[in-house]
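Hi,

Here is the structure I promised to pass on. Have a look, and my notes follow below.

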Amino acid sequence: MPLFFVISGYLFSRKKHTSFLVFVKTKARQLLIPYVVFSVIAFLFWYFLILRISTVDFGAFTAATLFWDFLSAQYIAYCLVLWFLPTLFLTECLYFIVSKWLSPLIVAIFFMALSFLYYHFVGEDLFWSADIVLVAVVFYAFGAILRQYGTKLLESASKIPISVIGFTLCAVLVVVFAGITGRLDMLSRNYGELYMFYLAGVAGSMAIFFLGIILERIFGLVKVISYLGANSLIVYGLHIQVMTLIGGTFRRLPGVENTILGQFVPSLIYAVVIMFVMIPVIYTINRYTPKLVGKF
């Protein structure tokens with residue numbers, strides 16, 4: 001998840017918006033409208049399919065609790081991943097305000113300290129995951145720092161040996177941190193040691209950054225990847241439903257249920273299949289209902 005906040009911070013531009021109100025309206029269209037749309041799709045998928053085939057007891061979920069899940073945008077029973085959209089909305093709004101007076105570096109340092117204090121002395125889960133925003137804005141500011149000071153880094157990283165070294169070092173750091181902290185999760189506020197979470201998040205984001213440069217230098221700009229990247233919001237909002245359908249289809253193929261494929265589809269193959277399935281979905285949405293995903 002840190003990578004998504006870093007990318008958003010990298011793309012941040014105050015010049016595009018004449019005022020805070022204009023910024024809020026733009027981000028509400030781009031993030032909150034899709035949140036509502038994807039929530040409706042996810043709920044219908046969950047209600048008409050998952051509830052019918054799952055062996056999990058969902059008896060504890062009432063209409064009231066499900067509606068509260070939607071309003072609070074935290075532990076959403078029918079689609080956990082959607083918490084990210086309102087949280088990103090709050091993060092962007094907060095950064096827009098503080099960046100008027102503070103540089104990206106100062107923003108990162110300030111909220112890093114504030115998040116340490118909050119989770120040490122308070123630690124309460126807030127509405128719309130507002131407490132996670134204190135952590136997310138640090139990665140968002142890091143993305144803005146890359147945009148502001150990353151020109152020389154981009155020039156150096158364009159050379160494959162530099163990119164390979166950068167990717168290797170960052171990947172090793174991620175593996176080391178993962179071995180120390182175990183599984184981390186922003187939604188459940190499972191950061192391990194918070195300072196190590198920041199280091200791991202930055203290292204992981206930079207590893208992807210260097211890997212992207214390596215792949216581009218070797219294969220050139222792959223149009224499919226570029227297309228998916230430009231429509232990552234749709235991919236993010238619908239990938240759980242697509243994963244569920246694809247996984248269920250694989251497991252129903254004759255003779256597959258007892259194979260490795262039936263038990264666990266290798267992540268890379270799984271991801272590639274999902275991405276290709278998403279292409280016609282993206283095209284249909286962009287062609288006929290772009291406003292539903294914030295494209296006005």
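D125, D131 and R189 are joined in a network of salt bridges (a salt bridge being a side-chain nitrogen of Lys or Arg within 4 Å of a carboxyl oxygen of Asp or Glu). Before going on: this is a predicted model, where local features need pLDDT of at least 70 and side-chain atom pairs count only at pLDDT 80 or more, while totals for chains, interfaces and linings use all residues. Residues are numbered from 1 along each chain as its sequence is written, and side-chain values use heavy atoms, with hydrogens and water left out.

How exposed is each partner? D131 is buried, at 0% relative accessible area, and R189 is buried at 12%, whereas D125 is partly exposed at 38%. (Buried means under 20% relative accessible area, exposed over 50%, partly exposed in between, with a 1.4 Å probe and protein chains only.)

The count comes to 3 salt bridges. One of them pairs E92 with K27 (3.5 Å, N to O), linking helix 4 to helix 2 across 65 residues. Both E92 and K27 are buried.

Cheers

Definitions and conventions:
Helix = DSSP H or I, 4+ residues; strand = E, 2+ residues; numbered from the N terminus.
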